[in-house]
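Please keep the sequence and the structure in view while reading.

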Amino acid sequence: MMLCMKTVLITGCSSGYGLETARRFHSEGWNVVATMRAPRADLLPLDARLRVVALDVTKPESIAAALEASGPIDALVNNAGIGLFGAFEATPMATVREVFETNTFGVMAMTQAALPQMRERRSGLVVNVTSSATLAPMPLVAVYTASKTAIEGFTASLELELAELNVRVKLVEPGYGPSTRFTENGGARMAGLISEPYAPLAARIFQSLGKPSAVTTAADVAEGVWRAANDTTGQLRFAAGPDAVALAKAR
Ligand SMILES: NC(=O)c1ccc[n+]([C@@H]2O[C@H](COP(=O)([O-])OP(=O)(O)OC[C@H]3O[C@@H](n4cnc5c(N)ncnc54)[C@H](OP(=O)(O)O)[C@@H]3O)[C@@H](O)[C@H]2O)c1
């Protein structure tokens, strides 16, 4: 029997990068708390080492209940996120706030809720999943990029704050992954955000996204999170996927 028995809590495991990361940690012998807004029992191998727990990272009572249900965790992977493609001028501030509620404040709230137990044990790990959008700017994703870039700065500062407590903090920066539910999950939020003056630019961007030179798979991101979790060199940023790695090298 494997005697690793570390426990990771991962947010946003209903699809895409989070689901694959849950599978990867489980296959490596970890205990996994796979969290989802709407828990499903049919996505992951349910055994004694894997539990599915309800969690919406925008709701404080949901965060508290999920951590209570999870028991002690060694690692937190903040993966849950929502996308937004659209002209900034046409984006209602309510939508800007909605994106930040999940991508930025959700990550902060989860981290803050998980920290006390890690600080007390003087051992822990937080991995924040951002985006290759933070590595090289592209148009029509200003709000999304802002929400993720905030977490890049947050994480870099927090890493220094928590180092003495032996709580490690890492960033995983995935590239463009058309195989996940990311685009369809953002569909309703993006309706009407390509206003007429921006339509030609949007058409050009859609065209280039339609024939990318390289894309990121969910397995690439699971590997990135796994490498970040096992890092002993002090590396903060882990680009995940060939397109993200190329952007990180070009910086
Ligand atoms: N795919 C890409 O091109 C790409 C590129 C770079 C970075 N990323 C980042 O990678 C992460 C995973 O994205 P993905 O591509 O795997 O997309 P995905 O398939 O849409 O998965 C996103 C997950 O986040 C969950 N989620 C959304 N809002 C939530 C909330 N308030 N509370 C808890 N969970 C919530 C979704 O759950 P529901 O099923 O309940 O909606 C879903 O499980 C995100 O942070 C995203 O920003 C994606």
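## Strand pairing

Two strands are said to pair if DSSP finds at least two bridges between them. The model discussed here is predicted. Strand E1 (residues 7-10) and strand E2 (residues 31-36) run parallel and are joined by four bridges. One of the residues involved is Thr-7, whose bridge partner in E2 is Asn-31.

On to the next pair of strands: E2 and E3 are linked by five bridges, again in the parallel sense. Here Ala-34 has Val-52 of E3 as its bridge partner.

## The sheet as a whole

In what order do the strands of the open sheet lie? The order is E3-E2-E1-E4-E5-E6-E7, which makes seven strands with parallel pairing. Strand E3 (50-54) and strand E7 (237-240) are the edge strands, since each pairs on one side only. From one strand to the next, the twist averages 20°.

Is E2 enclosed or open to the outside? A residue counts as buried if 20 or more other C-beta atoms lie within 10 Å of its own. Six of the six residues of E2 are buried, so the strand is largely enclosed by the rest of the structure. The chain reaches E2 from E1 by way of H1, and this β-α-β crossover is right-handed.

In a regular strand, side chains alternate between the two faces of the sheet. In E2, Asn-31, Val-33 and Thr-35 point one way, while Val-32, Ala-34 and Met-36 point the other way; all are buried.

## Helices across the sheet

Helix H4 (residues 142-162) lies across strand E5 (124-129) and strand E6 (167-174), and runs at about 160° to E6. Helix H8 (residues 242-250) lies across E6 and E7, with an angle of about 135° to E7.

Within H8, Asp-243, Ala-244 and Val-245 are buried. The buried residues of H8 pack against E6 and E7.

## Thr-216 in its loop

Thr-216 is found in the loop between helix H6 (199-210) and helix H7 (218-230). Why does Thr-216 count as buried? The reason is that 27 other C-beta atoms lie within 10 Å of Thr-216, whereas the cut-off is 20 or more.

Leaving aside neighbours within four places in sequence, the contacts of Thr-216 include Gly-175, Tyr-176 and Gly-177. Asp-243 and Ala-244 are also among them, and these two are buried residues of H8.

## Around the ligand

Which residues come nearest to the ligand? Of the 30 residues around the ligand, they are Gly-12, Gly-16, Ala-80, Gly-81 and Thr-180. Helix H1 (16-27), helix H3 (93-121) and helix H5 (182-190) are the elements that give two or more residues to this shell. The most come from H1, which gives three residues.

By class, the shell has 17 polar, ten nonpolar and three charged residues.

Key
Residues numbered from 1 in each chain as written. Predicted model: local features only at pLDDT ≥ 70, side-chain atom pairs only at ≥ 80, totals over all residues. Near = placed C-beta within 6 Å. Nonpolar A, V, L, I, M, F, W, Y, C, P; charged D, E, K, R; others polar. Axes fitted to C-alpha atoms, helices over the stretch in contact; angles between N-to-C directions. Contact = placed C-beta atoms within 7 Å. Buried ≥ 20, exposed ≤ 12 C-beta atoms within 10 Å, placed from the backbone. Right-handed = clockwise from strand over helix to strand, strands pointing away.
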